[in-house]
Amino acid sequence: MQKSLVAELLGTFWLVFGGCGSAVLAAAYPELGIGFVGVAFAFGLTVLTMAYAVGGISGGHFNPAVSLGLTVAGRFPAARLVPYIVAQLAGAIAAAALLYLIASGKAGFELGGFAANGYGDHSPGGYSLLSALLIEVLLTMFFLIIILGSTSSRVPAGFAPLAIGLGLTLIHLVSIPVTNTSVNPARSTGQALFVGGWALQQLWLFWIAPLAGGAFGGLVWRFLDDAD
């Protein structure tokens with residue numbers, strides 16, 4: 001259990017540092033910025049690499065919504081759910097703290113949005129609360145279906161991290177303009193703690209929507225799995 005929690009902490013740290021770090025440090029870098037596409041691939045690559053690195057130790061959740069969805073699907077013991085979420089939060093907050101220290105080392109640093117998630121005036125594209133709610137629930141649900149399906153005994157072993165990483169990349173390609181893409185309450189919490197103000201006020205959505213989507217994904221998979 002202890003090794004599993006350390007693996008979840010490290011995996012979530014890498015997801016937040018790599019994904020949010022690409023948004024904060026590299027997305028709009030003068031003339032060489034990686035843009036939305038680069039940030040989307042950065043998030044996907046963090047999950048892909050750590051799923052291979054430590055997925056065999058902890059299952060490679062790195063996300064409270066994933067842990068909940070796996071629990072609902074009957075793939076993960078409920079007794080481990082809270083400890084996993086605590087470890088994921090610790091990893092996300094540590095990554096946000098280190099990212100802040102690095103980013104603030106540049107002359108003229110301004111915190112800005114710091115890759116935090118938001119809706120309304122704080123949505124990159126100005127999308128409403130309802131739009132944010134719908135897309136976060138829907139995309140997290142499909143993320144769980146991808147995870148559960150690709151790790152099923154029905155498919156060839158060893159390729160799940162590729163499907164999961166590319167799935168997360170696609171999710172970001174779709175939803176960065178809407179919410180800056182959460183689908184992960186831990187990722188949202190780490191950034192919001194440093195932005196404060198509006199980010200903390202809107203953080204509730206980025207817990208409720210991904211957790212609901214994760215639970216729906218687990219339920220859908222239970223139905224599909226039973227169908228065979």
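**View A. The second largest pocket of the predicted model has a volume of about 230 Å³.** Of its 14 lining residues, those closest to the centre are Gly59, Gly60, Ile147, Thr151 and Ile164. A pocket is an open set of points on a 1 Å grid over the protein atoms alone, where a 1.4 Å probe fits, with protein on both sides within 12 Å along at least five of seven lines; lining residues have an atom within 4 Å of a point. The volume is the space filled by probe spheres set on the points. H2, helix H3 (64-72) and helix H6 (160-179) each give two or more residues to this lining; helices are DSSP runs (H or I) of at least four residues.

**View B. Phe13 and Phe17 form a stacked pair.** Their ring centres lie 5.8 Å apart with planes at 10°, so the pair counts as stacked (centres within 6.5 Å, planes under 30 degrees apart). Both residues belong to helix H1 (residues 2-26), four residues apart.

View C. Phe114 is buried, at 4% relative accessible area, whereas Phe194 is partly exposed at 30% (buried, under 20%; exposed, over 50%; partly exposed, in between; 1.4 Å probe, protein chains only).

**Notes.** Residues are numbered from 1 along each chain as its sequence is written, and side-chain values use heavy atoms, without hydrogens and water. In this predicted model local features need pLDDT of at least 70 and side-chain atom pairs count only at pLDDT 80 or more, while totals for chains, interfaces and linings use all residues.

Conventions: Rings of Phe, Tyr and Trp (its six-membered ring) pair if their centres lie within 6.5 Å; planes under 30 degrees apart count as stacked, over 60 as edge-to-face and the rest as tilted.
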